[in-house]
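Keep the model open while you read.

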Amino acid sequence: MTTAEETIFDLVNRLDVPTLRRLCDHAGATLARKDLDAPTRHTPRGTAACQAALFSVPSGIRYLDADELDRLTKAFVVWRDAARTPSIRRARERMRLVYAMLRLSGAKLGEVLAVNERTDIDRTKCTVRFPANHEGEAARKVVMPRDFLDDVERFASAPINRALRGELFRLDPGFVRRKLYEQAKRAGLPPGRVSPTALRHSRAVELLRSGVPLPVVQMMLGHSSVVLTSIYCSFSDADCQRIVSRCVAKETRMKTSARNTFFGAVSSVRKSPLFTEISMTTTTNQEIVAVITNESFDRLGLSEAEPVTALVKAPWVLLAKDENKAKTSARNCFSGKVTGIRGDGVAVEIMGELLDGTPMCALITAESVESLDLKEGDTVWFSFKAFSVIINIP
């Protein structure tokens with residue numbers, strides 16, 4: 001990693017959460033524009049593209065991309081909200097729920113219209129049960145967003161909708177298709193491209209773009225073979241080269257940053273109302289302490305004995321030649337020796353090695369090198385704060 005990159009990471013670490021989110025959105029959009037130059041390769045805002053998602057959709061597959069799906073969804077909401085009477089609004093909301101079920105489940109129209117919201121929906125597990133497509137197969141359960149299931153529950157539990165209980169989704173297929181065509185037109189989409197089948201294709205492509213494994217999408221759609229699911233993606237020679245190039249680049253970056261990388265497992269976890277303290281035992285029996293937000297801890301899904309990697313950027317590493325001076329508020333402090341010094345007159349990279357052989361790198365100013373009188377072979381103390389430790393899961 002270059003000095004400029006280290007400096008950028010240091011600046012990013014100082015940003016507040018709202019600014020980081022805006023920066024993440026901007027970086028995601030820039031990556032999508034520069035690297036995913038084909039219009040069919042859509043990357044959701046704020047996310048990096050999964051390697052397996054860099055595929056082309058065969059021209060014979062009729063589907064909607066993320067922007068088109070968003071426009072169609074908004075058209076249904078506007079249509080519902082424009083109702084002049086409560087009874088018309090209820091009827092439109094019922095149709096919107098049918099559309100949402102089609103859009104989010106990837107199920108066939110007949111499967112959606114056969115759903116009994118009282119027996120086929122499990123709100124505790126956020127699943128909808130669909131019957132088997134082939135004789136001898138078990139019914140499949142598809143995970144759905146909780147907010148959608150909450151909408152279904154509110155509609156079904158309203159006293160005025162008592163007569164619809166168990167039959168909320170039992171609409172006429174022709175009526176559903178007509179309303180899809182109407183809302184497609186309102187959304188500025190060619191009506192011929194919008195159908196229950198197109199929504200099923202769209203969900204499949206969306207999941208594959210997000211990196212969901214092919215067999216999982218197969219199970220969700222109820223395909224009898226993974227070969228049927230594979231029709232949604234095609235990898236050209238250019239796609240294959242791009243994927244391999246990205247993997248090779250990623251491997252190179254990991255080797256470069258491994259100077260301050262620790263491998264091990266979680267040994268203990270201590271939570272507060274805002275933060276979680278994680279103690280990690282490395283493969284060489286060193287203890288690393290990290291403090292992350294509770295939100296990050298929940299997102300990573302960490303638990304004791306979980307294998308993790310701790311990464312510390314070079315600008316966050318402090319140096320001291322005297323053990324007593326090294327006793328600061330930094331929770332992590334390790335003895336080692338200097339193995340190399342490289343600088344440009346302003347910033348200096350100090351390469352080192354801990355007693356257990358772990359390589360280290362610190363980025364400090366040339367003035368600090370002079371005041372510490374650092375030389376190759378010197379014994380030093382490397383320290384870094386718990387808040388400076390980035391936790392990754394393999």
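This is a predicted model: local features need pLDDT of at least 70, side-chain atom pairs count only at pLDDT 80 or more; totals for chains, interfaces and linings use all residues.

E277 counts as buried, at 15% relative accessibility. The cut-off for buried is under 20%, so E277 falls on that side of the line. Its salt-bridge partner is R270, with the closest N and O atoms 3.2 Å apart. R270 counts as exposed, at 55% relative accessibility.

Now go to R342. R342 forms a salt bridge with E349, and here the closest N and O atoms are 2.4 Å apart. E349 is buried, with a relative accessible area of 5%. Salt bridges can also share partners. One network of this kind joins R80, D81, R89, E93, R96, D151 and R154. In total, the structure holds 21 salt bridges.

A further salt bridge sits within a single helix. The side chains of D70 and K74 meet at 3.2 Å, N to O. Both residues belong to helix α3, which covers residues 66–81. They are 4 residues apart, about one turn of the helix. D70 is partly exposed, at a relative accessible area of 38%.

Next comes helix α4, residues 86–105. Its 20 residues reach 28 Å from the first C-alpha to the last. That is close to the 28 Å expected at 1.5 Å a residue. Just after α4 comes G106, which takes a positive phi of about 75°.

Which helix does α4 cross at roughly 40°? The partner is α8, residues 196–209, and the two axes come within 7 Å. Angles under 35 degrees would count as roughly parallel, and 65 to 115 as roughly perpendicular. α4 and α8 are therefore oblique to each other. On the α4 side, the residues that meet α8 are Y99, L102, R103, L104 and S105. On the α8 side, they are P196, L199, R203 and E206.

Now look at the cysteines. How many disulfides does the structure hold? The count is 0. A disulfide is a covalent bond between the sulfur atoms of two cysteines. C333 counts as partly exposed, at 31%.

D120 lies in the loop between α5 (109–113) and β1 (121–122). Is D120 buried or exposed? D120 is buried, with a relative accessible area of 12%. Leave aside its neighbours within four places in sequence, and D120 is in contact with A114, V115, T127, V128 and R129.

Finally, step back to the whole chain. The secondary structure comes to 13 helices and 13 strands. Of the 394 residues in the chain, 42% are buried. Contacts can also be sorted by sequence separation. Among those with a separation of 6 or more, 62% link residues 24 or more positions apart.

Terms used: Residues are numbered from 1 along each chain as its sequence is written. Side-chain values use heavy atoms; hydrogens and water are left out. A salt bridge is a side-chain nitrogen of Lys or Arg within 4 Å of a carboxyl oxygen of Asp or Glu. Helices (H or I, at least four residues) and strands (E, at least two) are DSSP runs, numbered from the N terminus. Buried means under 20% relative accessible area, exposed over 50%, partly exposed in between (1.4 Å probe, protein chains only). The expected span of a helix is 1.5 Å times one less than its number of residues. A disulfide is a pair of cysteine sulfur atoms within 2.5 Å. Axes are lines fitted to C-alpha atoms, for helices over the stretch in contact, and angles run from 0 to 180 degrees between N-to-C directions. Angles under 35 degrees count as roughly parallel, over 145 as roughly antiparallel, 65 to 115 as roughly perpendicular and the rest as oblique. Contact means heavy atoms within 4.5 Å.
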